[in-house]
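Subject: Handing over the structure

Hi,

Here is the structure I promised to pass on. Have a look at it first, and then read on for what turned up.

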Amino acid sequence: QAGLSGVLVFGLVTGALVVWDVSAFGLGLTAELGHQPETRRLELYHGALSVGVGVVAVSALTGLDWLVRAASTGGTVVAAAVAVLGAVVLTLPLAR
């Protein structure tokens with residue numbers, strides 16, 4: 001409703017979730033295993049995987065947003081439902 005594009009909103013939400021996930025995982029892993037080269041590799045692998053999941057989620061939600069906008073003109077309830085669905089989809093990988 002603020003006039004922002006869907007890609008920008010999805011990208012910002014995904015970026016925030018990826019930063020939170022990577023930092024929480026890195027802090028927990030370093031606290032358990034200490035500063036070792038293997039710990040760094042695990043952190044980098046997890047970070048790359050989180051970014052990959054984020055890119056896939058933003059791409060899927062952008063496509064879904066495009067389909068909704070093409071199918072109905074001016075449906076704010078549908079746009080809000082897409083935003084909620086996007087937030088749920090982005091938090092599912094973090095729940096594991």
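Which residue has its backbone oxygen 2.7 Å from a polar atom of the side chain of T14? The oxygen belongs to F10. For this kind of pair, a polar contact is two N or O atoms within 3.5 Å, where within protein one must be able to donate a hydrogen and the other to accept it, and residues adjacent in sequence count only if both atoms are side-chain atoms.

Before going further, a word on what you are looking at. This is a predicted model, in which local features need pLDDT of at least 70 and side-chain atom pairs count only at pLDDT 80 or more, while totals for chains, interfaces and linings use all residues. Residues are numbered from 1 along each chain as its sequence is written, and side-chain values use heavy atoms, with hydrogens and water left out.

The overall layout is quick to describe. The chain has three helices and zero strands, so its pattern along the sequence reads α-α-α. Helices (H or I, at least four residues) and strands (E, at least two) are DSSP runs, numbered from the N terminus. Of the 96 residues, 24% count as buried, meaning under 20% relative accessible area; exposed is over 50%, and partly exposed is in between (1.4 Å probe, protein chains only). The accessible surface comes to about 6,600 Å², 72% of it from carbon and sulfur atoms (Shrake-Rupley method with a 1.4 Å probe; for residues, only the protein chains shown count as cover).

Back to T14, which sits in helix 1. It counts as buried because its relative accessible area is 8%. Leaving out residues up to four places away in sequence, T14 touches G54, V58 and L90.

V58 and L90 also belong to the largest nonpolar core, whose eight residues are F10, L17, A57, V58, L61, V68, V82 and L90. Helix 1 (6-33), helix 2 and helix 3 (76-91) each give two or more residues to this core, and helix 2 has the largest share, with four. A nonpolar core here is a set of buried Ala, Val, Leu, Ile, Met, Phe, Trp, Tyr and Cys residues joined through side-chain atoms within 4.5 Å.

Beyond its neighbours within four places in sequence, S50 is in contact with V18, D21 and V22. P93 is 43 residues from S50 in sequence, yet their C-alpha atoms are 8.5 Å apart.

What about charged pairs? Two salt bridges turn up in the whole structure, a salt bridge being a side-chain nitrogen of Lys or Arg within 4 Å of a carboxyl oxygen of Asp or Glu. One joins R41 and E38, with the closest N and O atoms 3.4 Å apart; both residues lie in helix 2, about one turn from each other. R40 and E43 form a salt bridge as well, at 3.3 Å from N to O. E43 counts as buried because its relative accessibility is 15%, whereas E38, at 42%, is partly exposed.

Finally, L12 is in helix 1 and counts as exposed, at 57% relative accessibility.

Cheers

Conventions
Contact = heavy atoms within 4.5 Å.
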